[in-house]
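Have a look at the model first, then we'll go through it by topic.

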Amino acid sequence: MRLPAGQPFSGVVQLVKVVKNFVKVNQYTRPGLKLSGVKGIVMHWTATPGASALNERNYFNSTCIADERHASAHYFVDRSEVQQIIPEDEVACHAHDGNRCYVSFLKPNANTAAIGVEMCVEKDGKIHSETVQNTAELVADLCKRYGLLTDNIVRHYDVTNKNCPAPWVSDSSQLAAFRKKVGTLLGNQTAANTTAATSQSCKSTGTILKKGSSGSSVKALQKRLIAAGFPLPKSGADGSFGNETAQAVMSLQKQAGITADGIYGPATEKALAAVASKKKSSSTSKTSYTLPSGIYKVKSPLMKGTAVREIQEALAALYFYPDKGAKNNGIDGYYGPKTADAVKRFQMMNGLAADGIYGPRTKAKIELLLK
Ligand SMILES: [Zn+2]
């Protein structure tokens, strides 16, 4: 597929069927935490011969939770379809074993910075070529929507040294071949290589979008415009750049004091990013959580009071409840074993020493995630 010059990310690459089939929010397979952003794609294999994408999804919605195992990924791909089990803006537990992260652009925790894609395995223990093709189509679409380069596609092995996907570890040319396949689908292999050599930024694609443009990059822009407070009541994020989108871009440009031509290019991209980050910080000031300094842990008698309640409320806001389903989810102002357990789960998910003791590091991490 050859794409017109100047619009390297327009058009549709994704052909494989994607079924959105989210698992329920729970502390083991879908903690409900927000991703800090999508900076890469981490590739896995399920290592379970004969299991389909749907089998995997059902496992992560039941048995895995019952076994209290922290594991999951966003996407599972087999020969016939893709099952998306976790929303793209949420954390999945796929690439932070041993609290390691050897890939610089995913530091410090790949679980909060990457989308995890699992390839299913046939009964003979191999990944079928049709599964690889389906996966390439999915990953190409992700790269396009998040402005990623094929170099941002890494193996679980690259992140934490885990032997995953095993066939790609024993033969690393398979990763290279996969990246190439994705690059071909994107039709931008050359451009991507040049960008990689000259710039460390993977967000600024230099894309120009204007009236008449269409595709997933327009859709992504529209979503960002809406989120930044430039509504598109008629068209919504429909993927086609019409009058309403042009008007919204102009309003943004006027507000930013740049040329209001209704054309989305690098300067407008910068302006939009600035508005979005401003909006984000102002929206948090409304729901800000105060957290105590000092050390809180299980003691006899139990530590209690407003400070403990503040810790519990902040943890609950991140879906780490002291006692989910109990009265007020266990937010009672007492630092007992259940609160210690919530702190422990939070620490485990966030690369901290999981001792169940609330201290400065845990405080800093909670604050960071609640920003
Ligand atoms: Zn893996």
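Let's start with Thr112: its relative accessible area is 14%, so it counts as buried, the cut-off being under 20%. Bear in mind that this is a predicted model.

**Around Thr112**
- Thr112 sits in the loop that runs between strand S4 (82-84) and strand S5 (114-119).
- A polar atom of the Thr112 side chain is 2.9 Å from the backbone oxygen of Asn109.
- Leaving aside residues up to four places away in sequence, Thr112 touches Leu35, Ser36, Gly37 and Val91.

**Aromatic pairs: Tyr59 and Phe60**
- Searching the whole structure turns up 5 aromatic pairs.
- One of them joins Tyr59 and Phe60: the ring centres are 4.9 Å apart and the planes sit at 80°, so this is an edge-to-face pair.
- Tyr59 is partly exposed, at 23% relative accessible area, whereas Phe60 is buried, at 6%.
- Ring pairs also bring in Phe76, linking Tyr59, Phe60 and Phe76 into a cluster.

**Aromatic pairs: Tyr296 and Tyr358**
- For Tyr296 and Tyr358, the ring centres lie 5.8 Å apart with the planes at 65°, so this pair is edge-to-face.
- Tyr296 is in the loop between helix H10 (266-286) and helix H11 (306-317), and Tyr358 is in the loop between helix H12 (337-349) and helix H13 (360-370), so the pair ties together parts 62 residues apart in sequence.
- Buried or exposed, these two tyrosines, Tyr296 and Tyr358? Both Tyr296 and Tyr358 are buried.

Methods. Residues numbered from 1 in each chain as written. Predicted model: local features only at pLDDT ≥ 70, side-chain atom pairs only at ≥ 80, totals over all residues. Heavy atoms only, no water. Phe/Tyr/Trp six-rings, centres within 6.5 Å; stacked < 30°, edge-to-face > 60°. Buried < 20%, exposed > 50% of the residue type's maximum accessible area, 1.4 Å probe, protein only. Helix = DSSP H or I, 4+ residues; strand = E, 2+ residues; numbered from the N terminus. Polar contact = N/O pair within 3.5 Å; in protein donor to acceptor, adjacent residues only side chain to side chain. Contact = heavy atoms within 4.5 Å.
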